[in-house]
Structures are given as C-alpha cells and as structure tokens.
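Q: Hello! I am new to protein models, and I would like to learn how to read one. Could we go through it together?

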Amino acid sequence: MADSKASLSIDGKEVAELPILKGSAGNDVIDIRTLGASGYFTYDPGFLATASCESAITFIDGGKGVLQHRGYPIDSLAKEANYLEVCYILLNGTAPTKAEYDEFENIITNHTMVHEKMANFFQGFRADAHPMAMLCGIVGAMSSFYHDDLDITDPAQRMRCAHRLVAKMPTISAMAYKYSMGQPFVYPRNDLNYAENFLHMMFSVPAEEYNVSPTLAKAMDRIFTLHADHEQNASTSTVRLAGSSGANPYACIAAGVASLWGPAHGGANEACLTMLEEIGDVSRVDEFVKKAKDKNDPFRLMGFGHRVYKNFDPRATVMRETCHEVLEELGVNDPLLDVAMALEKVALEDPYFIEKKLYPNVDFYSGIILKAIGIPTSMFTVIFAMSRTVGWISHWDEMLSQPGQKIGRPRQKYTGEINREFTPLKNR
Ligand code: CMC
C-alpha cells in the first residue's frame, strides 16, 4: 500500500508520480514499476539503491551494523542458538519450540546421506579440481537424483528440497574435499551434531578413529551461523533470478554457488589467506597496506570492506571473538596468523581505512579460524556455500510463495550500434 508519493520531474515537467512503499524497517522504497510507460528506465548496474524484492527474512542496517534474521539479532543467534536452529528460523519464520526443533533436527539428520551413485559422479573430475568447481557441478546434478520432489508450486515439496539441501550440503562438501585429497569418502554419522558431523566427514579416515574437538565444532557451528543468510547479496539475488524462471531448486542453488565463488563475494576468505601467504611476514604488512592505499595499484586488502556495512560488520564482531578464542585454545603457532593479526591492527588504525570505513569483514576472521582448524584454503568458499544454502533456499521459497511472482527481467541502457546496414558475407 502506498503511504506517500514521489513525483519525477524532468526539465521541470512531471513525467511520473510514483508510490512510496514502507517496509517494517529500513529505507522506504519508490515503486517504479510503472515508470517504463513514461519512456524512462532507472539505471543502477551495481544495485546500489535498488530493492529487487520484498522479503521478511533478513534485515540489515549497514550504517548501524545491524543484522537480524526474522527479527532476531545475529549476535544473540550466534551466541545462544546453534546453526540448525537458525536454519529453522530462516525457513519457518520464527524460533522453534523444543519439540519443533527436535523434529527438525531429526529430519535433517536423517537426510544427510546422498545417493550412492553420486560418488561415481565425482570420479569424472580431475584429481586437482577445485572443490568449488565440484560443488557447482554436483549440486546442479542433484536435480537428476532427487527429481521426485520438484513441483515448485507445492510448499511441502519446496520444504522437502530445502531439508535435503541443508542436510546433504555438508556431505557433498566433505566428499569434494576427500576426493581432492585422494582419500575415501566418509559417510555421515547420525549420533553427531551438524558441525561435528561435518568435521567427522572431513577429517576421519578408515585407518584411525577421529575424535571431534568440541571447541572446533563450536567454532565451526558459529561460522555456519554467521554465514547463513545476508539479505539480497550477489549469490542470493542470483538464486532468486534463476528461480524466478521456474528453474528447479538444485539448479538455482548451483547458480548461487557459482556467484558466491568470486573473490569480491564468498571467495574473499580464500583470497584473504592467499594474500596473507603473499605477505608472508609481519615485516611486510606496511608495504602491502601501502599498496592497498595506492590508487594506481589494483591490489585490495582481501577480507576488508563491505558494500553494506559502513561502520562495522556485526558478524565480524562475533567472529573476531571466536577467532581469538580458537587461536588461544589451539595454541596455534603459525606465522600467517601473526601476519593476519598485524594486518588487523594496522588497518583498524590507519586513517585511509578509517575514513573509507573499511573494516575487517566476516571473511577475514572466518578464513583465519578455518586455517587454524586445519581446513585447506580451497575449502573455505565451499564452507561459505554450504552455510549459505539455507539462506538461498529460504529466499527461493519465499519468492515462490509470493502472489504475482514474475520472472526477473532487468532492462538496460543500450550503448551499441544501431540501424547498421548488413552486407552479406560473400560481398565483404
Ligand atoms: N582494500 C583497499 N581499498 C578498498 C578496499 C580494500 N579491501 N575495499 C574498498 N576499497 C576502497 C576502494 O578503492 C574505493 O576507494 P575510492 O573511493 O578512493 O575509489 C573505496 O574503498 C570504495 O570501494 P568500492 O569498491 O566502491 O566499494 P564496494 O562497496 O563496491 O565494494 C567490496 C565492497 C566488499 C567488494 C570491497 O570492499 C572489496 O573488494 N573488498 C575486498 C573483498 C572482500 O573482502 N569481500 C568480502 C565481502 S564480505 C563477504 C560477502 O558478503 O561475500
């Protein structure tokens, strides 16, 4: 419902009157859906000021450093809920009762195994394939294994897809890792919780027993929680756009995985570790900070800055605490982590980073924690993808449940040639 109206004048002449719509929090939006009839499109290639949809899942106030899922602040969720509870909240809209939680946990636990034929699928990849490349392919291929529940107009079938994805992503992710290591796949264990089970599938081998450390499982769970959803980021918007055509959910999530892979998005945690390796020693931190500040040098400090958070990233605040806890508890002695801590200090104190509001983001700390836990760098973005799957599928489900849902179809500002005369090839 329109609460007030904006009028658009061009050269003093009003061309359109546009309703202003209010959400429950955050910026109001100017509804430009009818603007095309006036002969104008809006132009916002990076979506800097465009609300692409209506959503009740996640609220972010970047200026104030607020992040809430279904109205619950992220720091409470990170500290007082576990990842599966957050999954329930994202998918169902509110915190579960104990009975609802138990039922949800039971469903997820009992869907962790994947079709045995999926193991064969992995064999087609080169041994040195990047785990994200495998994830893109395998997640897309899930539609060929689980085609019985693909009526996307049925909310119950959509929810079954969501459960399958949340349950199976850790299994597939760990399989990608095991394949790249040349080790046998490890089946999930139903007596372990979500994070413990992931670590078990990653690190246990048939030759000896693997005991999951509670500290590491807790840190892992927190990483999952802090990556679970983040409003209309690039990968979530990709999932929505893919899903808006009616594509099957596994294909849509595979599209999300692809979008997340880039270093400006989920690939930042891997890029951050690669950067720390390149810096190599605390004595070289200043040199790299200088490079990051040089306008003529394309180098950026990976793991710093955020499109939305311009004061601090509330996920980074919780992740920072966990990071320091894990480093202390593990007593890790890794020069790379010293470089990371030195970089954090310099960047937090340097006027360039302060003025441009470039703070360490969630991926800076998650990368360090994952490194300390012993997760290889190539798996960092995979872990982000498995954590974000619940967010992606919640948005996909929300979009399909909204009346009047339309295929996403942006327009453009055309800058190419026009009305050229075409000469047949034989005359050219
Ligand atoms: N190091 C050095 N300078 C930077 C950095 C950085 N990491 N990030 C931004 N700047 C500068 C940039 O050069 C620009 O300067 P100027 O105004 O003088 O031209 C200014 O800050 C604004 O940058 P921008 O590129 O216009 O900002 P953006 O909102 O489009 O980009 C970002 C946000 C996250 C892509 C960017 O900060 C970046 O590339 N960071 C490094 C990659 C990274 O850590 N990404 C993970 C984001 S968090 C996880 C996720 O959501 O996936």
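Q: Which backbone nitrogen lies 2.9 Å from a polar atom of the side chain of His 306?

A: That of Val 308. Before we go on, this is a predicted model, where local features need pLDDT of at least 70, side-chain atom pairs count only at pLDDT 80 or more, and totals for chains, interfaces and linings use all residues. Residues are numbered from 1 along each chain as its sequence is written, and side-chain values use heavy atoms, with hydrogens and water left out.

Q: What does UniProt list for "active site"?

A: Its unreviewed entry gives His 306 and Asp 363; such annotations may be inferred rather than shown by experiment. The two are spread over 58 residues of sequence but cluster in space, with a largest C-alpha distance of 10.4 Å.

Q: Is Asp 363 buried or exposed?

A: Buried means under 20% relative accessible area, exposed over 50%, and partly exposed in between, using a 1.4 Å probe and protein chains only. Asp 363 has 6% relative accessibility, so it counts as buried. His 306, at 21%, is partly exposed.

Q: Which residues does Asp 363 touch?

A: Contact means heavy atoms within 4.5 Å. Leaving out residues up to four places away in sequence, Asp 363 touches His 227, His 265, Ala 268, Asn 269 and Phe 384.

Technical notes
A polar contact is a pair of N or O atoms within 3.5 Å; within protein, one must be able to donate a hydrogen and the other to accept it, and residues adjacent in sequence count only if both atoms are side-chain atoms.
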